[in-house]
Amino acid sequence: HNAGLPVSRLPPEILSAVFSILTDIDRPRNHGKSLAWISITHVCRKWRDVALNNPTLWSTIILPFPLGAR
């Protein structure tokens, strides 16, 4: 479907860099309520593969509750 679009011709290294920037822009806030950047994994198979193979995207653990809460 999207194979003819210019963005589809970007190499994985560039996509990975863009995805990393996106995670910096879309930081979780208020106890991890914003992880909208994960939607990039739903665009197409190539984007999913690039995102899932970028360890920096998955190196932060988000806790949905404050530490010490019961």
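**A residue and its helix**

Reply: Gladly! This is a predicted model. Thr-23 has a relative accessible area of 12%. Buried means under 20%, so Thr-23 counts as buried.

Me: Nice start. In which helix does Thr-23 lie, and which residues of that helix are buried?

Reply: Thr-23 lies in helix H1. By name, the buried residues of H1 are Leu-15, Ser-16, Phe-19 and Thr-23.

Me: And which exposed residues does the face of H1 turned away from its buried side carry?

Reply: Let's take the two sides in turn. The buried residues of H1 pack against helix H2 (45-52). The face turned away from that buried side carries the exposed residues Glu-13 and Ile-25.

Me: How far apart are the end C-alpha atoms of helix H1?

Reply: Helix H1 covers residues 12-25, which is 14 residues. At 1.5 Å a residue, H1 should span 20 Å. The model agrees with this, because the end C-alpha atoms of H1 are 20 Å apart.

Me: Back to Thr-23: which backbone oxygen does its side chain reach, and which residues is it in contact with, leaving aside neighbours within four places in sequence?

Reply: Happy to! The side chain of Thr-23 reaches the backbone oxygen of Ser-20 at 2.7 Å. Once neighbours within four places in sequence are left aside, Thr-23 is in contact with Trp-37 and Leu-57.

Methods. Residues are numbered from 1 along each chain as its sequence is written. This is a predicted model: local features need pLDDT of at least 70, side-chain atom pairs count only at pLDDT 80 or more; totals for chains, interfaces and linings use all residues. Side-chain values use heavy atoms; hydrogens and water are left out. Helices (H or I, at least four residues) and strands (E, at least two) are DSSP runs, numbered from the N terminus. The expected span of a helix is 1.5 Å times one less than its number of residues. Buried means under 20% relative accessible area, exposed over 50%, partly exposed in between (1.4 Å probe, protein chains only). Contact means heavy atoms within 4.5 Å. A polar contact is a pair of N or O atoms within 3.5 Å; within protein, one must be able to donate a hydrogen and the other to accept it, and residues adjacent in sequence count only if both atoms are side-chain atoms.
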